[in-house]
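Please consider the structure shown below.

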Amino acid sequence: MRRERGRDRGAATAVLALLSFAMLIVSLDQYIVVVALPDIARDLGYSAQTLQAVISAYAVTSAGFLLFGGRAADLLGRRRVLATGLALYAAAALAGGLATVPGTLLAARAVQGLGGALVFPTTLALINTTFAEGRARNRALGIWGGAGAAGLVIGVLLGGLLTQAFGWEAVFLVNVALAGPALLLTFVVIPPDGPRERGRTFDLPGALSVTAGVTLIVFALVQGPALGWTSPGFLTAVLAGLLLLAAFAVIERRSPDPLVPPRLLANPNLVTGVVIAFMFMATFGSVLYFLSLYFQDVLGYDALRTGAAFLLPTAVVVAGSTAAGRLVTRFGLRTTLSAALAAGALGAVALGLAIGPDGSYAELIPGLVVLSAGDGIVFTAMFITAATGVPDRDQGTASGIASTGSGVGAAVGLAVLVLIATAGLDGLTGEQLRTATADGISRALFVVAAGIALTLAAACPRCPAPSLPLPLPPPVPYQPRRC
């Protein structure tokens, strides 16, 4: 019996290691391309206006297909969908590394986004079904979340190193070397999928309408600065996206097996987790972008030094993500999330005060540490919240809903914050531009702090309270029976 338990524990550890590695691959690619953009523009002929499409092609496709990926994992089998996502990821990375024209590279980035949209919710669903709700799942999600957080900054560092040593093509080809072995290990480590559950359909009309609707809205938000917020292109994309989402709601009410079952929307934990995920990416998730701008455009750091500047906050984020599972187990979701969000708001305020045209990295450290600790804990805790009380058969869909909330939140938050940070920059050059850029980033961080505080006030009262055992009745004193 003890030997069987050891084998089961070893198998679960191997599954967790693979899923965390897959999560690291997906998160790594969000920023590995950023530092290579100038070289890509020079070699492939991108203009300053079209270069952003290299980033947005991935972001738009990924956000649009997350719910699709989660539903596919529940219906088609989680190992199959994970393997498909990793295969798409590796193939698209190879195509991107070999691209010689802009169109090929954009298509490769879009397919990479689709692969990421299959991998992200499937890894989350596999963890939630492999580990029992409570201590074991909380610990596993902490490790998974720590890997995802580490991937963001490893991407910045690795992108700088590879671009300088081998050229921009290497930032794509390295994903082949990472995703290829992960794909092979999927068939070794993940147990085979069982037979497909009868009576469940994919709800293709619902999947197509919600995927197209979310994709159009995210596209509009990402391209808003380039298109213009009142341009016909922006307004048309938003209107079409909203109409498709309205059609999705009608389709869901009439579907015998809806893409988003009503029982999931009736779960307050999932709804709260989605709200927190949306606000988290709109606030915490935007800070990395603005810090990158501050380090390079204001302080004058190069790509490698910028990546090195993120080592400290990354270490704190990873530590916070890993510790979050134990904190939730000990103190409960409500207490853990409240404390982490409060720390995040204070850290954002401290960063906003420290950022200036004559600032230094040392002045940022207190705010970076406090904000990063909150960041890591909230990232893990929000997915624990979203999975609480969800049956195993719906974990993929629930993961897709939560990750879609985070993807849309990232687009909304960055669009709003960029608008705030860049207000008044038109026509400025030289030192005036550098000073105004620092002031704009500082303003954006104060708005981030306000958004985190709003999340704390709105979402945390709905977080699941810790389940405490009922008190035992007092012992009855022994009394000898009288004859």
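Which residues make a nonpolar surface patch of about 300 Å²? The patch is made by Leu-312, Leu-346, Val-369 and Val-370. Patches consist of residues with over 30% relative accessible area and no salt bridge, like charges being joined within 9 Å and nonpolar side chains (Val, Leu, Ile, Met, Phe, Trp, Tyr) within 5 Å. Accessible areas come from the Shrake-Rupley method with a 1.4 Å probe, and for residues only the protein chains shown count as cover. Val-370 belongs to helix 15, which spans residues 361-387. Helices (H or I, at least four residues) and strands (E, at least two) are DSSP runs, numbered from the N terminus. Because its relative accessibility is 33%, Val-370 counts as partly exposed; buried means under 20% relative accessible area, exposed over 50%, and partly exposed in between (1.4 Å probe, protein chains only).

The structure is a predicted model, in which local features need pLDDT of at least 70 and side-chain atom pairs count only at pLDDT 80 or more, while totals for chains, interfaces and linings use all residues. Residues are numbered from 1 along each chain as its sequence is written, and side-chain values use heavy atoms, with hydrogens and water left out.

Helix 15 also holds Val-378. This residue is buried, because its relative accessibility is 1%. Beyond the neighbours within four places in sequence, Val-378 is in contact (heavy atoms within 4.5 Å) with Ile-276, Phe-280, Phe-284, Leu-337, Ala-340 and Leu-341. Val-317 lies 61 residues from Val-378 along the chain, and the C-alpha atoms of the two are separated by 9.8 Å.

The interior may be considered next. In soluble globular proteins, nonpolar side chains tend to be buried together. A nonpolar core is a set of buried Ala, Val, Leu, Ile, Met, Phe, Trp, Tyr and Cys residues joined through side-chain atoms within 4.5 Å. The largest such core here has 131 residues, and those with the most contacts inside it are Val-33, Ile-40, Leu-105, Trp-144 and Phe-295. Helix 11 (residues 268-298) supplies the largest share of this core, 14 residues. Trp-144 touches Leu-19, Ser-20, Met-23, Phe-120, Thr-123, Leu-124, Ile-127, Phe-379 and Phe-383, residues up to four places away in sequence being left out.

Helix 1, covering residues 2-32, contains Ser-27. Ser-27 counts as buried because its relative accessibility is 3%. Its side chain reaches the backbone oxygen of Gly-148 at 2.9 Å, and a polar atom of that side chain lies 3.2 Å from the backbone oxygen of Leu-24. Apart from neighbours within four places in sequence, Ser-27 is in contact with Ala-147, Gly-148, Gly-151 and Leu-152. Arg-9 also lies in helix 1, but Arg-9 counts as exposed because its relative accessibility is 57%.

Charged residues complete the picture. Side chains of opposite charge can pair when their charged atoms come close. A search of the whole structure finds eight salt bridges, a salt bridge being a side-chain nitrogen of Lys or Arg within 4 Å of a carboxyl oxygen of Asp or Glu. In one of them, Asp-74 pairs with Arg-78, and the closest N and O atoms are 2.6 Å apart. Asp-74 is buried, at 13% relative accessibility, and Arg-78 is buried as well, at 16%. Another salt bridge joins the side chains of Arg-137 and Glu-133 (3.7 Å, N to O). Here Arg-137 is buried, with a relative accessible area of 5%, whereas Glu-133 is partly exposed, at 47%.

Arg-263 forms a salt bridge with Asp-394, with 2.7 Å between the closest N and O atoms. Arg-263 lies in helix 10 (residues 262-265) and Asp-394 in the loop between helix 15 and helix 16 (395-421), so the pair ties together parts that are 131 residues apart in sequence. Arg-263 is partly exposed, with a relative accessible area of 44%, while Asp-394 counts as buried, at 0% relative accessibility. Elsewhere, salt bridges that share partners join Asp-39, Arg-42 and Asp-43 into one network.

Finally, Arg-71 is found in helix 3 (residues 53-76). This arginine is buried, at 0% relative accessibility.

Note on methods:
Polar contact = N/O pair within 3.5 Å; in protein donor to acceptor, adjacent residues only side chain to side chain.
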